Amino acid sequence: MLEMVRASKDEFNRLDGAQGDGDLGVTVELVMEAVHQAAQEHSDIKKWLIESGSLVRRKAPSTMGVLIAFALSAAGRSLQDGALPTTQTFVKIQEVMIDEIMKRGEADVGDRTVLDALVPAFEAYRDAVVTGSSAKLALEFAAEAALKGAEGTRNLTPKTGRASWVGERAVGEIDGGAWFCYMVYHTLRTLP
């Protein structure tokens, strides 16, 4: 995941620059460095997520970094001690992260944010798991839904945050946060 954000850093910055301050690539690189650091310190999923949130909050204090930090911490707190890395655990993590981002960011699907890719990806993953699909297949569906959601942001006018200041001028480009979300699912589905 860290390799993906480093390889895509300039594209994330470019997309973010069309509607914000152009630092999304820097932010998500710092986020992934923090998440990797926490993974080296904690093998327990709950502790890893909570520590990831704490590290991200300190190392990537931009708007996106803080939203991800709160979402990671909330997801960690929602799990039981010793939670196993199952498909159901990943459903719970995604669901809690979405709720936290919506609450903290005061945003919803259609506002041209990361949620436009994250919510359909989560729904596709959850629905695939419910019908008995493997984790690998569920991630395939999630990545496809995230891509469709991210592509759909080209036609949306930003409604929240700094991006709302540029309004219609952002139309035509993909939202950087939504593209980052797609790239996360795309990377997850390629893992062995």
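Biologist: In which loop is the place of A83?

Modeller: A83 lies in the loop between α4 and α5; the helices are DSSP runs of H or I of at least four residues, numbered from the N terminus, and strands are runs of E of at least two. This is a predicted model, in which local features need pLDDT of at least 70 and side-chain atom pairs count only at pLDDT 80 or more, while totals for chains, interfaces and linings use all residues. Residues are numbered from 1 along each chain as its sequence is written, and side-chain values use heavy atoms, with hydrogens and water left out.

Biologist: Why is A83 called buried?

Modeller: The relative accessibility of A83 is 18%. Buried means under 20% relative accessible area, exposed means over 50%, and partly exposed lies in between (1.4 Å probe, protein chains only). A83 therefore counts as buried.

Biologist: Which residues does A83 touch, beyond those up to four places away in sequence?

Modeller: A83 touches D44 and I45, a contact being heavy atoms within 4.5 Å. Although A83 and D44 stand 39 residues apart along the chain, their C-alpha atoms are separated by 7.4 Å.

Biologist: Are E106 and R112 buried or exposed?

Modeller: E106 has a relative accessible area of 67%, so this residue is exposed. R112, at 3% relative accessibility, therefore counts as buried.

Biologist: How do you know that the reach of helix α6 is close to the expected one?

Modeller: The expected span is 1.5 Å times one less than the number of residues. Helix α6, residues 115–130, has 16 residues; its first and last C-alpha atoms are 22 Å apart, close to the expected 22 Å. After α6 comes G132, whose phi is positive, near 90°.

Biologist: Which residues of α6 are buried, and what covers them?

Modeller: The buried residues of α6 include L115, D116, L118, F122, Y125 and V129. Among the elements that cover the buried residues of α6 are α5 (87–105), α7 (135–152) and α8 (176–190).

Biologist: What makes a set of residues a nonpolar core, and how many residues has the largest one here?

Modeller: A nonpolar core is a set of buried Ala, Val, Leu, Ile, Met, Phe, Trp, Tyr and Cys residues joined through side-chain atoms within 4.5 Å. The largest such core has 58 residues, and V5, F12, V56, L115, W179, F180 and Y185 have the most contacts inside it. Each of the helices α1 to α8 supplies at least two residues of this core, and α6 provides the largest share, nine residues.

Biologist: Why is V5 called buried?

Modeller: The relative accessibility of V5, a residue of helix α1, is 0%, so V5 counts as buried. Leaving aside neighbours within four places in sequence, V5 is in contact with F12, V28, E29, M32 and F180.

Biologist: Which residues does W179 touch, not counting residues up to four places away in sequence?

Modeller: W179 touches E11, F12, L15, L147, A150, E151 and I174.
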